[in-house]
Amino acid sequence: MKNENRKSNKTKLINNLYKSLYRIRTIEEKIALIYPTDQIKSPVHLSIGQEAVTVGACAALLEADVVFGTYRGHSLYLAKGGDLNGMMAELYGKSTGVAGGKGGSMHLVDTNRGIMGMSAVVATTIPQAAGYAYAFKVRKQNNIVVSFFGDGATEEGVFHETLNFAALKKLPMIFVCENNQYAVLSHQSERQSNTNIAERASVYGMHSEKIDQNDPYTIYEKVNWARNQIIEKGRGPFFFECMTERYREHVGPSERDDVKTLSAEIVDPLQQLSKLVSSDFKQDVFKEVDLELKQAINFAEKSAFPANDSLYKDVYA
Amino acid sequence: MPKSNISTRSISYAEAINEATRQLMSQDESVFVLGIGVDDPRGIYGTTSNLSSEFGQDRVVNMPLAEDAITGIASGSSMAGMRPIMVHERMDFMLLAMNQLINVAAKSHYMYGGAIKIPMVIRSIIGRSWGQGAQHSQALHSFFMHVPGLKVIAPTTPYDAKGALVSSVKDNNPVIFVEHRMLHNYKGQVPKDMYSVPFGKARILRAGHDITIVGISHAMVECIRAAKSLATSSISAEVIDPISLSPLDVQTICESVEKTGNLLIVDNGWTTCGASAEIMSLVIENVQGQDKVNMKRMGFEFVTSPTTKILEDLYYPDSRRIAKAAYDLLMGKETDWEPDVQESPEIDEFKGPF
């Protein structure tokens with residue numbers, strides 16, 4: 001009986017991971033199709049190919065747990081429960097967007113879901129995540145913060161400054177590096193003397209692991225374990241370097257020039273999960289996501305642009 | 001009106017900051033202090049002394065030498081509802097934190113459509129004298145005045161230091177709180193109770209009718225001395241302390257200028273693209289087309305701050321040169337008038353090392 005329960009829980013989890021990943025992939029592929037129509041007049045950085053990291057990690061978090069992300073943030077925003085209508089309207093620059101059209105694709109936010117923001121300047125949300133975790137710690141609140149960033153961010157000074165502080169103060173937080181190996185077009189090997197980021201993080205005195213499988217279930221299990229260690233044993237921080245792949249260009253909707261070679265070499269997480277999910281479940285997911293996406297695009301298209309006087313709104317709190 | 005204890009006594013500028021911090025921390029658990037050396041025995045010139053023993057090291061957090069991360073940690077904690085007071089022993093070190101300050105903290109409220117608030121205070125101390133030199137004496141307040149989303153306040157009296165720190169901590173925006181090392185030992189009457197000195201309100205420290213002198217930060221002290229010298233030649237100077245640089249109370253300055261017809265702005269900083277340039281531009285925009293107004297700016301000489309005293313004395317505008325500039329502005333020409341010599345004890349007696 002116990003084993004069956006466990007099995008059924010795992011099935012539910014796999015189903016949820018599949019749904020979350022399928023949903024994000026479908027939404028972003030649609031954004032790529034809309035992009036040439038010029039209705040989204042700002043840069044978009046798509047997560048297509050690397051959704052497994054945020055999908056897996058966020059599956060282990062509670063709503064009151066907090067995440068900080070990067071300009072490549074659609075996947076994190078959606079995986080953590082951010083509202084799709086608000087995101088699409090934000091991309092369209094409409095007043096109903098999550099930031100009233102003032103943030104765009106790179107600055108998604110939803111404080112009610114613990115999504116505390118995304119920055120266009122590499123590595124800048126890493127210390128903020130630590131500051132938030134410091135507040136959790138002094139208030140003895142049973143929640144954690146997860147800081148998401150790319151491999152490029154680990155070259156910035158503030159990354160190292162923050163790891164030192166987080167380890168010194170034993171903060172309730174998890175660092176998750178989405179390592180897609182590229183900063184725009186520069187490979188990691190051109191930029192880092194030691195490309196083992198997890199090893200570099202470990203010297204600050206924290207548990208650090210490299211996760212090679214671009215698989216949401218593996219990432220979920222690791223993050224879930226770390227979260228329990230923090231909440232139950234007061235351990236922290238933790239560091240996970242998650243190896244992943246970005247199929248599109250750094251910015252914009254185009255596929256990478258080497259996408260054919262790439263797809264021959266790698267295992268796509270969505271295809272893998274798809275094998276583990278029943279076709280009935282998939283049919284339901286297809287319908288649900290299709291409807292949700294149509295409604296969100298309609299919402300974004302029909303929403304009004306911000307009024308002129310909102311230019312001066314929210315300069316100061 | 002509620003009864004309040006308005007009893008005042010004479011305390012120093014540094015003591016006023018310490019007292020404001022203690023009262024703010026007692027009143028609100030979310031207020032905490034962080035920075036390099038904030039809980040060391042010297043306690044940032046006494047401004048943070050004894051706070052650690054009273055409130056604990058979780059609320060008086062000695063930080064690693066990581067200015068950019070500290071700023072991000074402070075802003076991240078403020079997003080969680082904390083009210084951090086961050087301290088830089090010298091303003092020069094703020095240059096290491098410009099990314100977190102300008103790209104992140106200043107922009108968050110606007111860029112996230114009002115969803116995020118960053119109530120944080122950054123105390124920063126301008127150094128001077130005893131050879132502080134190139135990298136320990138910069139006055140960068142005008143950098144921060146340039147950026148929407150930040151507030152900048154530079155109190156010069158102990159009374160305003162306490163009240164302005166209270167306003168800054170209670171404000172929901174990132175605030176740059178500008179101190180000057182030569183002001184820390186200044187004494188003045190300060191109420192025991194907590195009170196606020198508002199943003200966007202200048203203070204007329206000395207009333208007059210012949211010339212308006214605006215002095216920023218420590219330059220204010222020299223302007224008061226200059227006004228005394230001018231008085232010996234029957235010139236009545238009105239001395240205005242803007243206190244709040246962003247937002248700026250240009251109205252009080254313009255009203256004075258309309259009365260005196262003469263304006264001298266003395267900044268504790270470089271004049272090029274500086275606070276004095278901004279104030280003068282705003283005054284011109286407001287009073288142009290009315291009576292003729294004579295105007296002049298003074299500030300640091302446009303060189304890097306030299307260490308040796310003989311050159312350092314030339315670098316800063318002193319009360320003698322301020323008085324002479326005011327006199328000549330009024331006369332409309334260079335004169336051979338020589339003001340009384342006014343002592344600057346805070347500079348002459350300062351023996352460092354910091």
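A residue counts as buried if 20 or more other C-beta atoms lie within 10 Å of its own. The model toured here is a predicted one.

Start with helix α4 of chain B, residues 98–111. Ten of its 14 residues are buried, so the helix is largely enclosed by the rest of the structure. The buried ones include B:Leu101, B:Val104 and the run from B:Ala105 to B:Met111. Now show what covers them: among the covering elements are β2 (115–119) and α5 (125–138) of chain A, along with α3 (67–79) of chain B.

Next, colour the largest nonpolar core, a set of 192 residues. Its members that touch the most others are A:Met173, B:Ile213 and B:Ala326. Domain 1 (10–191) and domain 2 (203–348) of chain B both contribute residues, so the core lies between them. Centre on B:Ile213: beyond its neighbours within four places in sequence, its contacts include B:Cys223, B:Leu264, B:Val266 and B:Ala326.

Two loop residues come next. B:Ser217 sits between β10 (211–215) and α7 (219–231) of chain B, and its phi is positive, about 55°, though it is not a glycine. Is B:Ser217 buried or exposed? It counts as buried, because it has 26 C-beta neighbours inside 10 Å. A:Lys140, in the loop between α5 and β3 (145–150) of chain A, also has a positive phi, near 55°. A:Lys140 is exposed, with 8 other C-beta atoms within 10 Å.

Finish at the cis peptide bonds. One joins A:Gly236 and A:Pro237, with omega about 0°; another joins B:Ser246 and B:Pro247, with omega about 5°. B:Pro247 lies in the loop between β12 (244–246) and α8 (250–260) of chain B.

Technical notes. Residues are numbered from 1 along each chain as its sequence is written. Chains are lettered from A and ligands numbered from 1 in the order in which they are written. This is a predicted model: local features need pLDDT of at least 70, side-chain atom pairs count only at pLDDT 80 or more; totals for chains, interfaces and linings use all residues. A nonpolar core is a set of buried Ala, Val, Leu, Ile, Met, Phe, Trp, Tyr and Cys residues joined through C-beta atoms within 7 Å. A residue is buried if 20 or more other C-beta atoms lie within 10 Å of its own, exposed if 12 or fewer, and partly exposed in between; C-beta atoms are placed from the backbone. Domain bounds come from an automatic or database domain assignment. Two residues are in contact if their C-beta atoms, placed from the backbone, lie within 7 Å. Helices (H or I, at least four residues) and strands (E, at least two) are DSSP runs, numbered from the N terminus.
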